[in-house]
Amino acid sequence: MRTIDKLLGAHIKLAPVLIKRAPMLTLAFDARCKSRLAATLDSGEEVALLLPRGTVLRDGDVLVADDGGLVRVVAAPESVLYVRAPDVLTLTRAAYHLGNRHTPVEVGVDYLKLEYDPVLADMLKRLGALVDQVEMPFQPETGAYGGGHRHGHDETFAEDYALAQQVYGEHHGHAHSHEHGHAHEHAHDHDHDHAHGNCDSSCGHGHDHGHGHHHAHR
C-alpha cells in the first residue's frame with residue numbers, strides 16, 4: 001500500500017498534463033480535515049494518508065506519494081444547504097447568525113453553503129433567506145488566525161491571511177511589552193529602596209541609583 005505524505009504548495013507549478021493524468025482522491029469535507037486516513041483512489045487503489053496534523057485538503061490540491069507519484073484531490077458532492085437571499089443585508093444577517101454558532105460556512109459572492117442541518121435551515125428561512133438542500137462539493141472557510149493548515153488558491157487569501165496574522169501579532173506584542181515593562185519597572189523600584197536602606201554615599205552606588213531611577217521613569 002502506498003503512503004501519501006506530502007502536499008504540494010500552491011506556489012509549485014506543475015504541467016497540466018501531469019495533474020490531469022494523476023489518479024483522483026475524492027473526499028467529502030470531513031475526510032479532507034483528517035491528516036491520518038485510509039482511503040481509496042478513484043482507480044480502486046487503497047492508500048494511506050499521512051499528512052502533517054492540522055492539514056485541511058482543498059479541491060484541486062496535489063499530493064505526492066512515497067514513490068513520487070502524484071494524486072489529485074477532488075471535493076466530493078455532499079448534502080449541503082445552499083443559501084441565497086433577496087438582498088445583501090439578508091445574506092449578511094444569515095452569515096452573522098451562522099458565525100455566532102461557529103458553523104463551518106463556504107462563502108460565495110452571492111451565496112452561503114453549509115452542511116445540511118434542518119434546525120439551521122429553519123432559522124435561515126425565518127431570517128428571510130432562500131434555502132435549498134442540494135448535493136454539491138463543500139469547501140468552507142477556515143479560521144482567520146491560522147487555525148489549521150491553509151494555503152488558499154484564491155488571489156486574496158495571501159493578503160487576508162497576512163492581515164489577520166499582523167493584527168494578532170500586534171495585539172500579542174503589545175500585551176507582552178506592557179507586562180514586561182511593568183515587571184522591569186517594579187524591579188528597579190525595589191533596587192531603589194534597597195539602596196536607601198543599605199548604602200550611604202560612600203558605597204559608590206550613587207551613579208547606579210541615578211541610572212536606575214531614571215530608567216524606571218522612562
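**One residue and its surroundings**

Tutor: Let's start with T90: beyond its neighbours within four places in sequence, T90 is in contact with A85, L127, G128 and A129. Contact here means heavy atoms within 4.5 Å. Keep in mind that this is a predicted model, where local features need pLDDT of at least 70, side-chain atom pairs count only at pLDDT 80 or more, and totals for chains, interfaces and linings use all residues. Residues are numbered from 1 along each chain as its sequence is written, and side-chain values use heavy atoms, with hydrogens and water left out.

Student: Why is T90 called buried?

Tutor: Buried means under 20% relative accessible area, exposed means over 50%, and partly exposed is in between (1.4 Å probe, protein chains only). T90 has a relative accessible area of 10%, so it counts as buried.

Student: Which helix holds T90?

Tutor: T90 sits in helix α3. Helices (H or I, at least four residues) and strands (E, at least two) are DSSP runs, numbered from the N terminus.

Student: At what angle do α3 and α4 pack?

Tutor: Helix α3 (residues 88-100) and helix α4 (residues 118-126) pack at an angle of about 145°, and their axes are 10 Å apart. Axes are lines fitted to C-alpha atoms, for helices over the stretch in contact, and angles run from 0 to 180 degrees between N-to-C directions. Where they touch, A94, H97 and L98 in α3 meet L120, M123 and L124 in α4.

**Aromatic pairs**

Student: How many aromatic pairs are there?

Tutor: The count is two. Rings of Phe, Tyr and Trp (its six-membered ring) pair if their centres lie within 6.5 Å; planes under 30 degrees apart count as stacked, over 60 as edge-to-face and the rest as tilted.

Student: How do you know which strands pair with β7?

Tutor: Two strands pair if DSSP finds at least two bridges between them. Eight bridges join β7 to β10, and four join β7 to β9. Both pairings are antiparallel. S79 stands opposite E135 in β10, and V83 stands opposite L112 in β9.

Student: Why are β2 and β3 edge strands in the open sheet?

Tutor: The sheet has six strands in the order β2-β6-β5-β1-β4-β3, with mixed pairing. β2 (24-27) and β3 (36-40) each have a single partner strand, so one side of each is left without a neighbour in the sheet. From one strand to the next, the twist averages 35°.

**Confidence**

Student: Where does pLDDT stay under 50?

Tutor: pLDDT is the predictor's confidence in each residue, from 0 to 100. It stays under 50 over residues 144-157 and over residues 175-218. The chain averages 77, and 64% of the residues score at least 70.
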